[in-house]
Amino acid sequence: MTTSAQTGSAETTATTVVLTDFAAVKVKALIEQEGRDDLRLRVAVQPGGCSGLRYQLFFDERSLDGDVVSDFGGVEVVVDRMSAPYLAGATIDFADRIDAQGFTIDNPNASNSCACGDSFH
């Protein structure tokens with residue numbers, strides 16, 4: 001994983017969410033389909049859901065105060081400061097199998113894990 005310095009109030013850290021190479025390729029392709037170069041993948045958590053946490057993955061061009069930004073092969077992943085502690089050590093992957101397709105989050109902070117394949121509609 002490589003990180004790069006960001007401008008503004010965003011900080012870069014290696015202690016937050018990890019995007020696998022396969023997921024980074026998928027995210028990059030989805031951003032290219034949008035036809036914009038200012039989008040980043042924002043990951044947020046809320047209490048609830050099948051793992052004790054409900055994940056939100058969406059494209060965002062905003063920079064919020066306290067954002068934690070990580071770069072994975074040219075794909076920026078942004079986590080707000082409230083979600084960052086819940087996502088420390090979590091891995092986002094993309095499953096492309098007959099029994100599962102979509103983004104998955106393996107989070108050691110959650111009591112269970114679940115697939116989040118409906119994140120991009």
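The model is a predicted one, and eight salt bridges are found in the structure. Side chains of opposite charge can pair when their charged atoms come close. Among the pairs described here are R40 with E76, D60 with R42, and D65 with R81.

- E61 lies in the loop that runs between β4 (53–60) and β5 (68–72), and with a relative accessibility of 42% E61 is classed as partly exposed, because the partly exposed class falls between the 20% limit for buried and the 50% limit for exposed.
- Leaving aside residues up to four places away in sequence, the residues that E61 touches are R36, D38 and L39.
- Of these contacts, the one with R36 includes a polar contact between the two side chains, at 3.5 Å, while the C-alpha atoms of E61 and R36 are 9.6 Å apart and the two residues are separated by 25 residues in sequence.

**The salt bridge between R40 and E76**

- R40 is joined to E76 by a salt bridge in which the closest N and O atoms are 3.3 Å apart, and this pair links distant parts of the chain, with R40 in strand β3 (residues 40–47) and E76 in strand β6 (residues 75–79), 36 residues apart.
- R40 has a relative accessible area of 9% and is therefore buried, since the buried class takes in values under 20%.

- A salt bridge brings the side chains of D60 and R42 together, with an N to O distance of 2.6 Å, and the pair links distant parts of the chain, D60 being in strand β4 and R42 in strand β3, 18 residues apart.
- Both partners are buried, D60 with a relative accessible area of 5% and R42 with a relative accessible area of 3%.
- R42 and D60 also belong to a network of salt bridges that links them with R62 and D67.

**The salt bridge between D65 and R81**

- D65 and R81 form a salt bridge whose closest N and O atoms are 3.4 Å apart, and here the distant parts of the chain that are linked are two loops, with D65 in the loop between β4 and β5 and R81 in the loop between β6 and α2 (84–87), 16 residues apart.
- D65 counts as exposed, because its relative accessibility is 52% and the exposed class begins over 50%.

Notes:
Residues are numbered from 1 along each chain as its sequence is written. This is a predicted model: local features need pLDDT of at least 70, side-chain atom pairs count only at pLDDT 80 or more; totals for chains, interfaces and linings use all residues. Side-chain values use heavy atoms; hydrogens and water are left out. Helices (H or I, at least four residues) and strands (E, at least two) are DSSP runs, numbered from the N terminus. Buried means under 20% relative accessible area, exposed over 50%, partly exposed in between (1.4 Å probe, protein chains only). Contact means heavy atoms within 4.5 Å. A polar contact is a pair of N or O atoms within 3.5 Å; within protein, one must be able to donate a hydrogen and the other to accept it, and residues adjacent in sequence count only if both atoms are side-chain atoms. A salt bridge is a side-chain nitrogen of Lys or Arg within 4 Å of a carboxyl oxygen of Asp or Glu.
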